[in-house]
Amino acid sequence: MGIKRPNPARWLYYQFGGTLPADYREWVLRDATCSTWVLRVCVRGMLHILPLIAVMFAILYWAGGSWPIALGAVLLGVLVVLRIVLTSSVESVDARLSRHGFPPGHASAVRNQMDADAAARYRAVWRGEQ
């Protein structure tokens with residue numbers, strides 16, 4: 001049996017900081033420790049500001065600005081948000097797992113162990129080390 005994934009409504013609730021039931025613990029752990037966890041954090045951050053982006057673009061365009069200037073202003077705002085999201089990504093993912101009942105720092109520990117295992121496999125295959 002595979003990992004139980006949340007339906008779209010629960011996934012959206014989870015993306016905005018909600019806690020999923022215990023049935024989804026494995027999926028939450030995978031979400032926080034898979035190889036694309038940073039991309040998932042970026043998508044989460046963009047999902048949070050998507051409505052604001054649309055409103056700001058409409059206001060800037062409607063206020064008499066040309067669309068390239070409005071798009072540039074919104075893009076600069078997106079870049080600032082991405083920087084903030086990426087700087088706090090490790091802590092936010094660890095906190096998310098803590099809300100789901102995992103010990104503090106568990107996601108970082110799992111990712112560090114996965115990196116160490118991958119480095120050991122690399123050394124065994126390409127360098128002949130045991």
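This report describes side-chain contacts in the structure above, covering salt bridges, cysteines, aromatic pairs and charges over rings.

The structure is a predicted model, in which local features need pLDDT of at least 70 and side-chain atom pairs count only at pLDDT 80 or more, while totals for chains, interfaces and linings use all residues. Residues are numbered from 1 along each chain as its sequence is written, and side-chain values use heavy atoms, with hydrogens and water left out.

## Salt bridges

Side chains of opposite charge can pair when their charged atoms come close. A salt bridge here is a side-chain nitrogen of Lys or Arg within 4 Å of a carboxyl oxygen of Asp or Glu, and the structure holds three of them.

| Salt bridge | N to O distance |
|---|---|
| Lys-4 and Asp-23 | 3.5 Å |
| Asp-31 and Arg-40 | 2.9 Å |
| Asp-31 and Arg-44 | 3.0 Å |

In the salt bridge of Lys-4 with Asp-23, the partners come from distant parts of the chain, 19 residues apart: Lys-4 belongs to the segment before helix 1 (8-15), and Asp-23 to the loop between helix 1 and helix 2 (25-33). Helices (H or I, at least four residues) are DSSP runs numbered from the N terminus. Lys-4 is partly exposed because its relative accessibility is 39%, whereas Asp-23, at 52%, counts as exposed.

Asp-31 takes part in a salt bridge with Arg-44, and since Asp-31 lies in helix 2 and Arg-44 in helix 3 (residues 37-62), this pair ties together parts that are 13 residues apart in sequence. Salt bridges with shared partners join Asp-31, Arg-40 and Arg-44 into one network.

## Cysteines

A disulfide is a covalent bond between the sulfur atoms of two cysteines. With the cut-off that the two sulfur atoms lie within 2.5 Å, the structure holds zero disulfides. For Cys-34, the closest cysteine sulfur is that of Cys-42, and at 13 Å it is too far for a bond. Cys-34 is buried at 10% relative accessibility, and Cys-42 is buried at 14%.

## Aromatic rings

A pair of aromatic rings is described by the distance of the centres and the angle of the planes. Rings of Phe, Tyr and Trp (its six-membered ring) pair if their centres lie within 6.5 Å, and planes under 30 degrees apart count as stacked, over 60 as edge-to-face and the rest as tilted. By this rule there are two aromatic pairs. The ring centres of Tyr-14 and Trp-27 are 5.1 Å apart and their planes stand at 70°, so this pair is edge-to-face. It links distant parts of the chain, with Tyr-14 in helix 1 and Trp-27 in helix 2, 13 residues apart. Tyr-14 is buried at 0% relative accessible area, and Trp-27 is buried at 3%. The rings of Phe-57 and Tyr-61 have centres 6.2 Å apart and planes at 5°, so they are stacked. Both residues, Phe-57 and Tyr-61, lie in helix 3, four residues apart, about one turn of the helix. Phe-57 is partly exposed at 30%, and Tyr-61 is partly exposed at 47%.

A charge sits over a ring if NZ of Lys or CZ of Arg is within 6 Å of the ring centre and within 35 degrees of the ring normal. Arg-96 lies over the face of Tyr-14, 4.6 Å from the ring centre, and Arg-111 lies over the face of Trp-37, at 3.8 Å from the ring centre.

Key:
Helix = DSSP H or I, 4+ residues; strand = E, 2+ residues; numbered from the N terminus. Buried < 20%, exposed > 50% of the residue type's maximum accessible area, 1.4 Å probe, protein only.
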